Amino acid sequence: MLTKMESEQRIIRLQQELRAKGIDGALIIHAIDVYYFSGTRQTATLWVPADGNPLLMVRKSLTRAVKESMIEKTVPFPSSKEFPALFSDTVKKVGITFDVVPVQQYNYFAKLLPGREFVDISGINRELRSVKTAWELEQMRRCGTKLAAIFRQVPEFLRTGLREIDVAAEFEARLRRIGSEGNVRMRAYNQELFHGLTVSATSAAEPGFFDGAVTGQGLSSAFPHGASTAEIRRDTPVMLDYTGTFNGYIVDMSRFFVIGTLAPELRHAFDTALAIQQQIVENLKPGVICEELFLKSLELAEQAGLGKNYMGVPGENARFVGHGVGLELDEFPVLAQGFKVPLKEGQTIAVEPKFVLPGFGVIGIENTFAVTPHGGEKLTDLPDDIVSL
C-alpha cells in the first residue's frame, strides 16, 4: 500500500507546481491519478488546493476508501447544493486533467463551480508521475523480478503444434498465480491491452490499431490484438511481450524463443536490436534529450539496412523506441520523434527496439530501465538472448 509519507510528498510537489503556474487548486478525477495521490482507487474526486489540506470526496466505496486513503479528510461526495460551499471565493482557477476527463464530467463540475476558469494540468500531472521515488522504484524492481521468473518458465511449456493462444493462456495463468493484477492501464484514448501478447510467424507481422511495433492478429476484429489461433512452427521466432502488474505498478518486457534455428535475416535484425538497446541504455541519463535517443536508434537501424522494418510493419512504423511505465503503460517520457525534453533521474522507461520482417516474423528485445546518472538500471533482470529449444 501507499505510505502516508509518499502521499504527502506527492501532494506537496503538486501544490508547488500549482502555485508556480498561478492555479488555485486541482480537481483530480481520473481513478489512477486519485490513487497516485491518495492511496485508494475507489470512485472519488480529490481536491488539492494550492495551499492547505486536500479533500477526498468518495462516491463508492466510502467504507473502503476510509480504510485505504492517506488523505486525512476523506468524506462522502457532497450533494450538488453542498459542493460549491467547499470552495472559497478566492478559488478562481481550477486545474483538471483534460487528457482523460470526459466532456460530460468537465461540464458537470463547470456547472457546480460557475465563474471559475478551468485549465489543463495534464502536463503537470504526467511530469510529476514520471519521476519515481525510491519507494516506487523498489515496487518496480519487485515487479521485474516476478515477471522475469515467469519468462524463465517458458521452455517448460512452449512446443510446436500449440496455438499462440495456448501459449498465451499458460503464460498468463502462471503470471496470475504469482499475483499479477492483470489490469494494464493505458492513458491514451482508445488504446487497450490484455496482459500482453504471444505472436509468431506471419501473425506477428499483422498490422493493427495498437500504438506499438507489434500488434498481432488477435482472435476477432472486435479485439484485433495479441495471440491468435495460429500454430507454433519450427524455425520461427515466437515473441512473448508481457507486462507484470503488482501493487498497481507495471513493468514491460519481451523475449524471443525459437524451436529449431533462426534465418540469418532474423539473427542480423536481433543483433541490431541489441546494439540499439545498448546505445540507448548507456545514455539513459538525466539531461539527455528523448528525441535524440530515438533518432540515433533509427540511424543504427538504417545503417544495418533495416530502417523500413524498424518498429513496425513497413509503412506503418511506430515513431518511438521507448515509453514511460509506472501505474500506466504509456507514461512520460517517450523516446520518440518530436519529444524534445530531457530525461530526469528516476524516470522508468520500457526500451523496445523491434523489427518486423514480412515473411520471416518479428524479432527484437524489450526491457524496463530506470534513468540514473550512470545510465539505465535494468529492472527486468533476465538474459536478453534468444532461447533456442
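Predicted model: local features only at pLDDT ≥ 70, side-chain atom pairs only at ≥ 80, totals over all residues.
Which elements cover the buried residues of α7? Residues are numbered from 1 along each chain as its sequence is written, and side-chain values use heavy atoms, with hydrogens and water left out.

**View 1. Helix α7 (residues 164-177) and its cover.** The cover of its buried residues includes α6, β7 (196-200), α8 (201-204) and β8 (238-246). Helices (H or I, at least four residues) and strands (E, at least two) are DSSP runs, numbered from the N terminus. The buried residues of α7 are Glu164, Val167, Ala168, Phe171, Glu172, Arg174 and Leu175. They lie on the same side of α7, because they cover an arc of only 160° around the axis (the arc of the directions from the helix axis to the C-beta atoms). Buried means under 20% relative accessible area, exposed over 50%, partly exposed in between (1.4 Å probe, protein chains only). Glycine 179, with a positive phi near 105°, follows α7.

**View 2. The largest nonpolar core, with 64 residues.** Such a core is a set of buried Ala, Val, Leu, Ile, Met, Phe, Trp, Tyr and Cys residues joined through side-chain atoms within 4.5 Å. Leu14, Phe151, Phe171 and Leu240 touch the most other members. Helix α6 (residues 134-151) gives the most to this core, eight residues. Domain 1 (4-129) and domain 2 (131-388) both contribute residues, so the core lies between them; the domain bounds come from an automatic or database domain assignment.

View 3. Tyrosine 249 is buried, with a relative accessible area of 1%. Leaving out residues up to four places away in sequence, tyrosine 249 touches residues including Trp135, Gln139, Cys143 and Leu327 (contact means heavy atoms within 4.5 Å). The C-alpha atoms of tyrosine 249 and cysteine 143 are separated by 7.3 Å, although these residues are 106 residues apart along the chain. The side chains of tyrosine 249 and arginine 10 are joined by a polar contact of 3.3 Å. A polar contact is a pair of N or O atoms within 3.5 Å; within protein, one must be able to donate a hydrogen and the other to accept it, and residues adjacent in sequence count only if both atoms are side-chain atoms.

**View 4. Helix α5 (residues 122-130), largely enclosed by the rest of the structure.** Seven of its nine residues are buried, among them Ile124, Arg126 and Leu128. Elements covering the buried residues of α5 include α1 (4-20), α2 (31-38) and β11 (331-336).

Definitions and conventions. Expected span 1.5 Å × (residues − 1).
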